[in-house]
Protein chains: 2
Amino acid sequence: MERIGEQTIKFNTPPTILEAASIVGPKESQGPMAKYFDQCIEDEFWGEKSWEKAESKFVKETVSGVISKSGIPVSDIEYCFAGDLLNQCISSSFGLRELNIPFFGVFGACSTFVESMCLGSMFVASGAAKNVLCATSSHFCSAEKQFRFPLELGNQRPPTSQWTVTGSGAVILSACGTGPYITHITPGKIVDMGIKDANNMGAAMAPAALATLITHFRDTGRKPSYYDAIITGDLGHIGKEILTELAETKGYNIASVYNDCGVLIFDKNKQDTHSGGSGCGCIASVFSGYFFKQLKQGKMKRILLIATGALMNSTTTQQGESIPGIAHAISIEV
Amino acid sequence: MERIGEQTIKFNTPPTILEAASIVGPKESQGPMAKYFDQCIEDEFWGEKSWEKAESKFVKETVSGVISKSGIPVSDIEYCFAGDLLNQCISSSFGLRELNIPFFGVFGACSTFVESMCLGSMFVASGAAKNVLCATSSHFCSAEKQFRFPLELGNQRPPTSQWTVTGSGAVILSACGTGPYITHITPGKIVDMGIKDANNMGAAMAPAALATLITHFRDTGRKPSYYDAIITGDLGHIGKEILTELAETKGYNIASVYNDCGVLIFDKNKQDTHSGGSGCGCIASVFSGYFFKQLKQGKMKRILLIATGALMNSTTTQQGESIPGIAHAISIEV
């Protein structure tokens with residue numbers, strides 16, 4: 001591998017995304033992406049006694065699904081990279097505690113899926129591992145309870161707010177395989193532009209997405225037109241618009257190739273989610289369910305996947321802090 | 001690099017731990033390790049308005065300290081790996097939001113320091129980076145508030161409980177340097193033996209430490225006597241005793257070389273911490289303050305550093321879950 005430009009690593013022996021799996025909850029099952037997911041669960045509890053336990057089950061079953069699809073024995077998967085939004089990343093650690101694979105806990109808020117794939121691809125590309133697993137989840141009910149208000153209160157949500165996706169996505173990265181390949185990673189810096197509204201995550205995260213996007217272009221010498229699709233994690237409708245405009249001011253017209261998983265996962269008109277979807281499970285399920293298949297079937301050849309995260313918690317909001325954003329990008333090519 | 005045995009990676013071009021820094025709080029400043037730390041802060045708030053902001057300041061100042069000691073310009077440090085115990089790892093993201101270095105958030109509870117060094121050393125050893133930064137923190141007051149009870153309640157602590165270290169440690173890993181070198185990493189699996197007492201973390205984490213310890217010995221063919229010191233992160237007095245006994249039953253007598261940072265950082269007789277220190281900041285500050293210097297000065301030549309984490313939160317405890325443990329090990333040699 002080699003370091004190119006300021007932040008990007010180019011893999012000379014790029015890892016293959018061997019297989020991907022996704023499981024989503026009830027609202028996502030009624031959205032436009034429903035047919036692409038492996039499983040649509042009609043019950044937010046999925047038979048468990050709490051939302052937290054349900055979220056762990058989403059992770060566990062998604063990981064079990066991707067391993068079984070790949071045909072690789074668990075003993076041949078050397079390392080696992082996983083994280084989520086719950087305090088101390090409990091969905092991942094409880095969901096995967098029986099997995100018996102060396103475990104790296106990752107926290108990048110909603111950027112966790114791509115952060116995991118950055119780290120996982122390093123292990124594969126460097127020869128340290130033949131196969132690694134990357135997994136992420138979020139759950140609307142556990143996230144609302146933890147970050148905002150108990151659902152039972154029936155609080156009104158402002159128009160800028162996004163709807164945390166109930167879902168999980170997981171991929172296996174492998175040294176053997178015929179693609180799609182992770183050819184470049186561009187890990188991002190923390191960017192805090194002073195946004196303090198915890199109900200407007202899109203605006204808080206868009207500047208971080210911009211920084212990573214532009215750095216990726218500069219480091220690789222590529223332009224937006226190089227990609228069939230540039231996909232952000234969960235900026236939602238408002239954040240998507242902000243990023244498109246910000247990129248334009250920097251001389252990059254991304255409008256024709258750019259979309260956001262938070263925009264894609266719900267129907268703006270029929271599903272009342274305000275500014276779209278969010279949560280680590282958003283990009284994880286939409287990539288694993290939809291984009292991975294597009295690449296695998298050759299319908300898309302090159303995509304830039306950028307997951308964005310807001311690195312705050314409810315205490316920092318209460319203490320009047322602004323919201324630091326981060327965005328990690330990977331280039332995936334067939 | 002090459003993968004040896006079941007879980008271990010051996011670096012053929014091992015990264016150097018170029019420099020280390022540590023800052024601790026008032027109780028640690030009265031303990032037996034006080035003289036080894038770079039700074040001892042007498043005020044838990046360190047002039048900030050909240051414990052969370054104070055903890056961020058510990059991270060920020062420690063990182064600033066290690067960079068300045070290393071003499072490396074910030075622009076030559078390519079990636080940063082950091083995490084902590086607070087919900088959504090806010091000490092790290094707020095403490096380092098102005099750092100301007102691509103950032104990987106890591107969560108391994110109290111195993112975070114060594115987890116970060118595992119990941120960081122991979123980036124350096126693979127040639128993806130010349131210099132990386134690894135940092136971790138914990139804070140007694142913010143941790144008690146979040147995991148247990150508000151300090152103002154004056155709750156009594158059971159004898160098995162440990163005292164979260166207020167402190168931070170940071171290291172710079174580099175491709176250039178004359179050691180001490182990280183020669184091997186043995187990332188651990190999640191181990192849950194069913195312990196449910198959140199006031200007995202040592203017992204919950206000891207089986208994970210055992211699993212990683214034995215795997216490291218088996219993978220490398222080494223024995224306890226190979227090392228001048230085997231150091232765990234924060235098993236405390238009870239956990240240390242359990243690990244020593246468990247290792248004995250598996251045929252490894254570690255008693256003569258083994259110690260624990262939670263045992264070392266406080267004076268058992270003069271400081272009322274019950275079972276010793278804990279928190280990500282424990283191993284981070286004790287390694288950066290004491291062991292790094294022992295290695296640098298040639299007083300120790302080979303140490304095995306094992307950080308242990310309890311991957312739970314207060315919700316899982318309330319929901320009656322047991323405590324999954326994890327332990328990551330690195331071998332450091334001059």
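Pro180(B) sits in the loop that links strand S9 (167-174) to strand S10 (181-186) of chain B. Helices (H or I, at least four residues) and strands (E, at least two) are DSSP runs, numbered from the N terminus. The peptide bond between Gly179(B) and Pro180(B) is cis, with omega about 0°. In chain A, a cis peptide bond likewise joins Gly179(A) and Pro180(A), with omega about 0°. Pro180(A) is in the loop between strand S9 (167-174) and strand S10 (181-186) of chain A. Most residues other than glycine have a negative phi, and most peptide bonds are trans.

This is a predicted model, in which local features need pLDDT of at least 70 and side-chain atom pairs count only at pLDDT 80 or more, while totals for chains, interfaces and linings use all residues. Residues are numbered from 1 along each chain as its sequence is written, and chains are lettered from A and ligands numbered from 1 in the order in which they are written.

The cut-off for buried is 20 or more other C-beta atoms within 10 Å of the residue's own; exposed means 12 or fewer, partly exposed is in between, and C-beta atoms are placed from the backbone.

**Domains of chain A**

Chain A is divided into domain 1 (2-174) and domain 2 (181-333), with bounds that come from an automatic or database domain assignment. Taken over C-alpha atoms, the centres of the two domains of chain A are 16 Å apart. Their contact takes 58 residues from domain 1 and 61 residues from domain 2. Two residues are in contact if their C-beta atoms, placed from the backbone, lie within 7 Å.

On the domain 1 side, the elements that give two or more residues include strand S3 (16-24), strand S7 (131-138) and helix H5 (140-147) of chain A. H4(A) gives the most to this side, seven residues. By residue type, the domain 1 side divides into 29 nonpolar, 22 polar and seven charged. Here Ala, Val, Leu, Ile, Met, Phe, Trp, Tyr, Cys and Pro count as nonpolar, Asp, Glu, Lys and Arg as charged, and the others, Gly among them, as polar.

**Contact between the chains**

In the contact between chains, 48 residues of chain B meet 49 residues of chain A. Elements of chain B that each supply at least two residues to its side include strand S5 (79-84), helix H3 (90-95) and helix H10 (314-318). The largest share, four residues, comes from H4(B). The chain B side divides into 25 nonpolar, 16 polar and seven charged residues.

**Helix H9 of chain B**

Helix H9 (residues 280-296) of chain B has 17 residues and spans 23 Å from its first C-alpha to its last, close to the 24 Å expected at 1.5 Å a residue. The expected span is 1.5 Å times one less than the number of residues. H9(B) has a kink of about 45° centred on Phe287(B), where the bend is the angle between axes fitted to the seven residues ending there and the seven starting there. Of the 17 residues of H9(B), 14 are buried. Just after H9(B), Gly298(B) has a positive phi of about 75°.
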